[in-house]
Amino acid sequence: MAKIGDIDVGEFPLLLAPMEDVSDPPFRALCKEQGADVVYTEFISSEGLIRDAAKSVMKLDIYEKERPVGIQIFGANLDSMLKSVEIVEASGPDIIDINFGCPVKKVVSKGAGAGILKDIDLMVSLTEAMVKHTKLPVTVKTRLGWDHNSIRIVEVAERLQDVGCKAISIHGRTRAQMYKGHADWKPIAEVKNNPRMHIPVFGNGDVDSPERAKEMRDQYGLDGAMIGRASIGYPWFFKEVKHFFETGEHLPSPSIDERVIAARRHLQMAIDWKGEKLGVFETRRHYTNYFKGIPHFKEYRTKMVTSDHPEDVFAAFDEVQSAFAGFEFV
């Protein structure tokens with residue numbers, strides 16, 4: 001059984017990755033229902049939190065049904081990170097996660113996210129200070145290194161553990177790779193196989209099928225899998241992986257009715273949580289996967305992603321449900 005601090009997260013837990021404008025409360029709720037063991041919020045700017053920026057503060061919303069839930073923050077300034085820890089702690093999460101892996105330019109240019117991989121000493125000292133500043137377990141999400149020539153993840157993970165990090169999730173790419181090429185899980189396995197490591201080591205990157213999740217568990221020996229892109233618009237992925245683990249068989253794909261019901265719930269929860277305008281806009285990225293496999297879906301998708309009015313989107317859902325009643329997904 002894997003444990004994050006005193007939190008038992010099960011045998012080979014499946015974690016919902018923190019994804020900007022994706023891992024919000026509506027989507028986390030759907031993933032939790034479908035078997036996600038631990039869910040993380042979207043990453044939150046420490047500077048935004050201490051400035052009381054509305055978008056950052058809103059991301060602190062968590063709900064009892066999500067637990068265990070981690071709030072992820074990013075930043076490179078010690079004072080700001082420590083102040084943000086206090087704000088996050090007051091929201092009552094189970095875990096505080098530090099983002100040392102986001103590769104996007106606007107984050108990296110400030111020395112945060114994967115930008116801190118250029119300064120491992122700062123990465124370690126920031127983690128140590130945050131661990132000392134909270135009673136909650138602190139975890140880290142990171143990448144293999146800044147580029148291929150600077151991969152020191154075995155050393156980095158050991159140092160983070162030594163200053164009190166309670167678990168580490170590692171994306172199997174460098175910052176230079178962004179999301180291109182293939183994730184390399186071998187260095188993550190080297191972290192896990194380091195005899196000095198005793199905290200959970202979770203793998204991330206290219207876990208896009210139940211078989212790949214099983215490979216991460218059985219061949220690479222990792223403690224769990226963090227699921228990102230495979231879950232977008234497809235919260236059933238967690239349930240399908242667990243079923244495959246138990247039976248060696250694939251669950252039938254969700255029916256058109258199940259997909260429409262989930263999409264409708266997702267949109268309505270998003271509207272209820274963030275308002276009509278943002279709710280409609282930020283749920284759009286999920287529709288391609290909700291209805292992946294439907295022939296000639298483009299005309300329906302266009303209606304779903306171009307309308308600013310929820311009633312039009314709901315009507316498009318109804319059209320799809322009616323037009324493809326009985327359609328079998330492969």
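The buried residues of helix H1 are Pro 25, Pro 26, Phe 27, Arg 28, Ala 29, Leu 30, Cys 31 and Lys 32, where buried means under 20% relative accessible area, exposed means over 50% and partly exposed lies in between (1.4 Å probe, protein chains only). The model is predicted, with local features needing pLDDT of at least 70 and side-chain atom pairs counting only at pLDDT 80 or more, while totals for chains, interfaces and linings use all residues. Residues are numbered from 1 along each chain as its sequence is written, and side-chain values use heavy atoms, with hydrogens and water left out.

**Helix H1**

- Helix H1 covers residues 25-33 and is mostly covered, since 8 of its 9 residues are buried.
- Helices (H or I, at least four residues) and strands (E, at least two) are DSSP runs, numbered from the N terminus.
- The buried residues of H1 pack against strand S3 (14-16), strand S4 (38-40), strand S6 (69-74), H10, helix H11 (256-274) and helix H13 (287-290); contact here means heavy atoms within 4.5 Å.

**Aromatic rings**

- The structure holds 13 aromatic pairs.
- The rings of Phe 291 and Phe 297 form a tilted pair, because their centres are 5.6 Å apart and their planes stand at 40°.
- Rings of Phe, Tyr and Trp (its six-membered ring) pair if their centres lie within 6.5 Å; planes under 30 degrees apart count as stacked, over 60 as edge-to-face and the rest as tilted.
- Both Phe 291 and Phe 297 are buried.
- Phe 327 and Phe 329 make an edge-to-face pair, at 5.0 Å centre to centre and with 85° between the planes.
- Phe 327 is partly exposed, with a relative accessible area of 27%, whereas Phe 329 counts as buried at 12% relative accessibility.
- Ring pairs link Tyr 234, Trp 236, Tyr 287, Tyr 290, Phe 291, Phe 297, Phe 314 and Phe 317 into a cluster.

**Charges over rings**

- The charged end of Arg 259 sits over the ring of Phe 329, 3.6 Å from the ring centre.
- The charged end of Arg 143 sits over the ring of Tyr 179, at 4.9 Å from its centre.
- A charge sits over a ring if NZ of Lys or CZ of Arg is within 6 Å of the ring centre and within 35 degrees of the ring normal.

**Pockets**

- The largest pocket has a volume of about 1,000 Å³.
- On a 1 Å grid over the protein atoms alone, a pocket is an open set of points with protein on both sides within 12 Å along at least five of seven lines, a cavity is a set where a 1.4 Å probe fits but cannot get out, and lining residues have an atom within 4 Å of a point.
- Grid points are joined across faces, edges and corners, and a volume is the space filled by probe spheres set on the points.
- Of the 41 residues that line the largest pocket, Ile 227, Gly 228, Arg 229, Ala 230 and Asn 289 lie nearest its centre.
- Strand S8 (138-143), strand S11 (224-227) and helix H10 (237-247) are the elements that give two or more residues to the lining of the largest pocket.
- The lining of the largest pocket divides into 19 nonpolar, 12 polar and 10 charged residues.
- Ala, Val, Leu, Ile, Met, Phe, Trp, Tyr, Cys and Pro count as nonpolar, Asp, Glu, Lys and Arg as charged, and the others, Gly among them, as polar.
- The second largest pocket holds about 390 Å³ of space.
- Among the 19 residues lining the second largest pocket, Ser 45, Phe 74, Lys 106, Val 107 and Lys 110 are the closest to its centre.
- H2 gives the most to the lining of the second largest pocket, with 3 residues.
- The lining of the second largest pocket has 6 nonpolar, 6 polar and 7 charged residues.

**Cavity**

- The structure holds 1 cavity of 30 Å³ or more, and the largest cavity has a volume of about 50 Å³.
- Residues lining the largest cavity include Leu 117, Arg 143, Trp 146 and Val 156.
- By class, this lining of the largest cavity has 6 nonpolar, 2 polar and 2 charged residues.

**Backbone features**

- The peptide bond from Arg 67 to Pro 68 is cis, with omega near 0°, and Pro 68 lies in the loop between H3 and S6.
- Asp 52, in the loop between H2 and H3, has a positive phi near 65° although the residue is not glycine.
- Asp 52 is exposed, with a relative accessible area of 57%.
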